[in-house]
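Q: Got a model here and want to talk through its charged pairs. Can you take a look?

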Amino acid sequence: MRDSLEEQARRYATEAHAAAGQRRKYTDEPYIVHPAAVAELVRSVTDDEQMIAAAWLHDTVEDTPSTLDDIERHFGARVADLVDQLTDSAQPAAKNRAARKLAHFRHTADASPEAQTIKLADIIDNTRAIVQYDADFARVYLVEKQIQIQLLREGDSHLWQQAEQTIKQGLAQLALPPYSVPESWFIKQAAKYGAIN
């Protein structure tokens, strides 16, 4: 009997990230723990197997030698389209992080509600422990994610609220000792991204 689409996606993503030697940045766990968490968050709001498969695969094109053609050949056009909407395309003209991130925010803002739902799950998992592992980077990252989720309103509302809450908790943590980041710092950081329409 043939494996389910999700099981095929899980196995493909596991092998692709492992072959690329990818590990989680702060914990050194096998990278697949992140797509697994994203898939579980997506599963908590839908039983759409293609969305769950895309959640497993969401970083494969960006982070491994896999191409969109590979994804389409193995998993079909809809899964490949979702992965494409979630892939951070290279921004050779972008001069700095803020410019690169703005381009990516606009890309995900144009994504379908299904792709935005997967992106929200991705943000939740990446945000959960960022302050604990890297408080300096968290200051920038959480401000970026706070801006980005405002553009993901078509995604699942439960995941949107969870993402907002996770980001708010991280920012509140950074305002307290030992970090004691003043609110003015966050305001100044957010201003770097300008008004996004």
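Q: Is Arg11 buried, partly exposed or exposed?
A: Arg11 counts as partly exposed, because its relative accessibility is 33%. Buried means under 20% relative accessible area, exposed over 50%, partly exposed in between (1.4 Å probe, protein chains only). This is a predicted model: local features need pLDDT of at least 70, side-chain atom pairs count only at pLDDT 80 or more, and totals for chains, interfaces and linings use all residues. Residues are numbered from 1 along each chain as its sequence is written, and side-chain values use heavy atoms, with hydrogens and water left out.

Q: Which side chain does Arg11 meet in a salt bridge?
A: Glu7, at 3.5 Å, N to O. A salt bridge here is a side-chain nitrogen of Lys or Arg within 4 Å of a carboxyl oxygen of Asp or Glu. Glu7 is partly exposed because its relative accessibility is 26%.

Q: Where do Glu7 and Arg11 lie?
A: Both are in helix α1, residues 5-19. They sit 4 residues apart, about one turn of the helix. Helices are DSSP runs (H or I, at least four residues), numbered from the N terminus.

Q: Switching topic. What does Arg128 pair with?
A: Asp125, in a salt bridge of 3.1 Å, N to O. Asp125 is buried, with a relative accessible area of 13%. Arg128 is partly exposed at 47%.

Conventions:
Helices (H or I, at least four residues) and strands (E, at least two) are DSSP runs, numbered from the N terminus.
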